[in-house]
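Please report on the structure shown below.

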Amino acid sequence: MKKVAVIGAGTMGNGIAHVFAQFGYEVSIVDISQASLDKGMATIEKNLDRMVSKEKISADDKAATMGRLTTFTSTEEGVKTADLIVEAATENESLKFKIFEQLDKAAKPEAILATNTSSISITKIAAVTSRPDKVIGMHFMNPVPVMKLVEIIRGYSTSDEVTDLIMETSRSLKKTPVEVNDYPGFVANRILMPMINEAIITLNEGVAGVEEIDTVMKLGMAHPMGPLQLADFIGLDVCLAIMEVLYSGLGNDKYAPCPLLVNMVAAGKKGVKSGEGFYDWSHGTKELIVADNFKK
C-alpha cells in the first residue's frame, strides 16, 4: 500500500494527510473547495515548520513530506490510483453515504475505503458500496500529528485481511491502533460524549459555572482540559451530532443531548470554529475567557 487519498481538507483531513505523507505515502487530498485545499496545505506546512523548529524533523524531511502531497477538486481524479481512501468529511450520515457511493464507483476494485467517522455505523456506510468487506473505520484523534490513538472499527462484513492490513498501516504511522466493534460511538465517544453532555447538564442546572466545572475535572481528575473547553474545541455541533447517534442507536434516555447544547448549536454558538461556545474564542485560543452568556 503506497498511495492514499484523503477526502476532506479540514482539520482532520489535513492532519491525516500530513501523517501519511510524513511516513512515506503518496497522498492525494480531495476537497470540492480549492480554498479549503489551500488552507489545508498551509496548515500542514505550518505544522511541519513547527516540527522543524523543535528539531523533531529536518528541513529536508519537511520538503519531502510536502512533495508527497497533491491536491484535487475532482474526486474521480484524486482517488483513481489510491490503494487506501480515508474519508474525513463532516460527521453527517447522509453525506457520508453519498461520498461512499461515489468512492465505490471511482476507486479501483481492490482499494480499501476507510472512514474517520467518530460515531456513525461502519456497517451502514459499507452497505451503500459493492465492497462491504473492504470498508473499515479509522478514527484518528485530533490533533492527528500528535495523538497516538487510532480506533479501528470493523463493520459487520469487514474482512480479517483488511482489518489486519489497516492495523499494520496505522502502526507504520507510529500510531497505536485499537480494534473495536461497530456500535454507536464505538469506545472513545461512547464514553467521552456522555461525560461532556453531563458537564453541560451540570452547567444548565446551575450546579457550578463554566470555569468551576472545568477546573474540577482538570485538577480532580487530571484531565488536560475541562469537558466544556474540550467541547468547544471539538465543535458543539459535532458533539450534538454524536449524542444524537448515541441516543437513536442505543435508545437510552441517558444519551439524550442536553437542551442547552441543542439551543447553542441552533444559535450558531459552536465553539472555537464559530468564535464562541462556553468560552469566547474571538481573541484566539491562548486565553480562557468565559462567554458572556455564562459569566456570573
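This is a predicted model: local features need pLDDT of at least 70, side-chain atom pairs count only at pLDDT 80 or more; totals for chains, interfaces and linings use all residues.

Leaving aside neighbours within four places in sequence, which residues is A231 in contact with? The answer is I196, L236, C239 and F278.

A231 sits in helix α10. Its relative accessibility is 0%, so A231 counts as buried. G271 lies 40 residues from A231 in sequence. In space, the two C-alpha atoms are 7.2 Å apart.

G277 belongs to the segment after α12 (259–266). Here the relative accessibility is 2%, and G277 therefore counts as buried. Beyond four places in sequence, G277 is in contact with D232, L236, M264, G271, A291 and F294.

I136 is part of strand β6. With 0% relative accessibility, I136 counts as buried. What surrounds I136, once neighbours within four places in sequence are left aside? I136 is in contact with I112, L113, A114, T115, I122, I152, I153, T158, V162, T163 and I166.

| Pair | Apart in sequence | C-alpha to C-alpha |
|---|---|---|
| G277 and L261 | 16 residues | 9.7 Å |
| I136 and V150 | 14 residues | 12 Å |

**Domains**

How is the protein divided? There is a domain 1 (3–181) and a domain 2 (189–294). Their centres, taken over C-alpha atoms, are separated by 27 Å. Contact between them involves 5 residues of domain 1 and 4 residues of domain 2.

**Nonpolar cores**

In soluble globular proteins, nonpolar side chains tend to be buried together. The largest nonpolar core in this model holds 35 residues. Which of its members touch the most others? They are F20, V27, I29, L69, L84, M138 and F140. Helix α1 (residues 11–22) supplies the largest share of this core, 6 residues. A second core is separate and has 27 residues. Among them are V210, C239, L260 and Y279.

Not counting residues up to four places away in sequence, V27 touches V4, V6, A17, F20, A21, R68, L69 and T70. Of these, F20 and L69 are also named among the core members that touch the most others.

**The second largest pocket**

Rolling a probe the size of a water molecule over the atoms shows where empty space is left. The second largest pocket has a volume of about 230 Å³. Its lining has 17 residues. Which of them lie nearest its centre? These are E93, I120, S121, K124 and V245.

By type, the lining divides into 7 nonpolar, 5 polar and 5 charged residues. Helix α11 (residues 236–250) gives the most to this lining, with 6 residues. Both domains take part: domain 1 (3–181) and domain 2 (189–294) each contribute at least three residues.

Where is the cis peptide bond? The bond from N142 to P143 is cis, with omega near 0°. P143 lies in the loop between β6 (135–140) and β7 (149–154). I136, described above, is in strand β6.

K174 has a phi of about 65°. K174 is in the loop between α7 (160–172) and β8 (176–181). Is K174 buried or exposed? K174 counts as exposed because its relative accessibility is 54%, and the cut-off for exposed is over 50%.

A222 has a phi of about 60°. A222 is in the loop between α9 (210–221) and α10 (227–234). A relative accessibility of 65% means that A222 counts as exposed. A231 is in helix α10, and A231 counts as buried at 0% relative accessibility.

Technical notes: Residues are numbered from 1 along each chain as its sequence is written. Side-chain values use heavy atoms; hydrogens and water are left out. On a 1 Å grid over the protein atoms alone, a cavity is a set of points where a 1.4 Å probe fits but cannot get out, and a pocket is an open set with protein on both sides within 12 Å along at least five of seven lines; lining residues have an atom within 4 Å of a point. Grid points are joined across faces, edges and corners, and a volume is the space filled by probe spheres set on the points. Helices (H or I, at least four residues) and strands (E, at least two) are DSSP runs, numbered from the N terminus. Ala, Val, Leu, Ile, Met, Phe, Trp, Tyr, Cys and Pro count as nonpolar, Asp, Glu, Lys and Arg as charged, and the others, Gly among them, as polar. Domain bounds come from an automatic or database domain assignment. A nonpolar core is a set of buried Ala, Val, Leu, Ile, Met, Phe, Trp, Tyr and Cys residues joined through side-chain atoms within 4.5 Å. Buried means under 20% relative accessible area, exposed over 50%, partly exposed in between (1.4 Å probe, protein chains only). Contact means heavy atoms within 4.5 Å.
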